[in-house]
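The sequence and structure come first.

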Amino acid sequence: MSVSVVTLPCGCFFAGRDLHRCEAHEEKEPEGIETKEIEIRLEKTCSAYPESYDAFFGTEQVGYLRLRWGDFTVEFPDVGGDLLLEGSPNGFGAFDDDEREEWLDKAKAAIVARLIKDGRA
Ligand SMILES: [Zn+2]
């Protein structure tokens, strides 16, 4: 599944449902939209303890996702890189089935936001 990115002429953009605001729109709502789809591909590298994934944009690795001891982290672009997202799912060493998609979508959105900020997407 791809992440919907909505970019506004002012520099505001949505990655998934998260709005990243430009300076002019830190308080008031922006107007006007342009939409594109960015595909982040996840490859599961371990099913549990930890549940982990490598993330790719095209052929390039852009993330390492890991759920261990109830702590979900997304590092960019690989292990030991910048921490883009950290959270506490219900699952301890693997996601509960009803929460996996939501967390993986959040991870993809965080990666896409970083790629856009870096001018790479
Ligand atoms: Zn704006």
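Predicted model: local features only at pLDDT ≥ 70, side-chain atom pairs only at ≥ 80, totals over all residues.

1. Read from the N terminus, the order of elements is β-β-β-β-β-β-β-β-β-α.

2. On overall dimensions, the C-alpha trace spans about 45 × 30 × 25 Å along its principal axes. The radius of gyration is 15 Å, which agrees with the value near 14 Å that a compact globule of 121 residues would have.

3. Among contacts with a separation of 6 or more, 42% are between residues 24 or more positions apart.

4. The largest nonpolar core comprises 27 residues. Within this core, the residues with the most contacts are Ala 15, Val 74, Ala 107, Ala 110, Ile 111 and Val 112. Two or more residues each come from strands E1 (2-7), E2 (13-15), E6 (51-57), E7 (60-68), E8 (71-76) and E9 (82-87), and from helix H1 (100-117). Helix H1 makes the greatest contribution to the core, at nine residues.

5. Which residues does Val 74 contact, leaving aside its neighbours within four places in sequence? The partners are Gly 63, Leu 65, Leu 84, Leu 85, Ala 107, Ala 110 and Ile 111. Of these partners of Val 74, Ala 107, Ala 110 and Ile 111 are also listed among the residues with the most contacts inside the core.

Technical notes:
Residues numbered from 1 in each chain as written. Core = buried A, V, L, I, M, F, W, Y, C linked by C-beta atoms within 7 Å. Buried ≥ 20, exposed ≤ 12 C-beta atoms within 10 Å, placed from the backbone. Helix = DSSP H or I, 4+ residues; strand = E, 2+ residues; numbered from the N terminus. Contact = placed C-beta atoms within 7 Å. Rg over C-alpha atoms; globule rule 2.2 N^0.38 Å.
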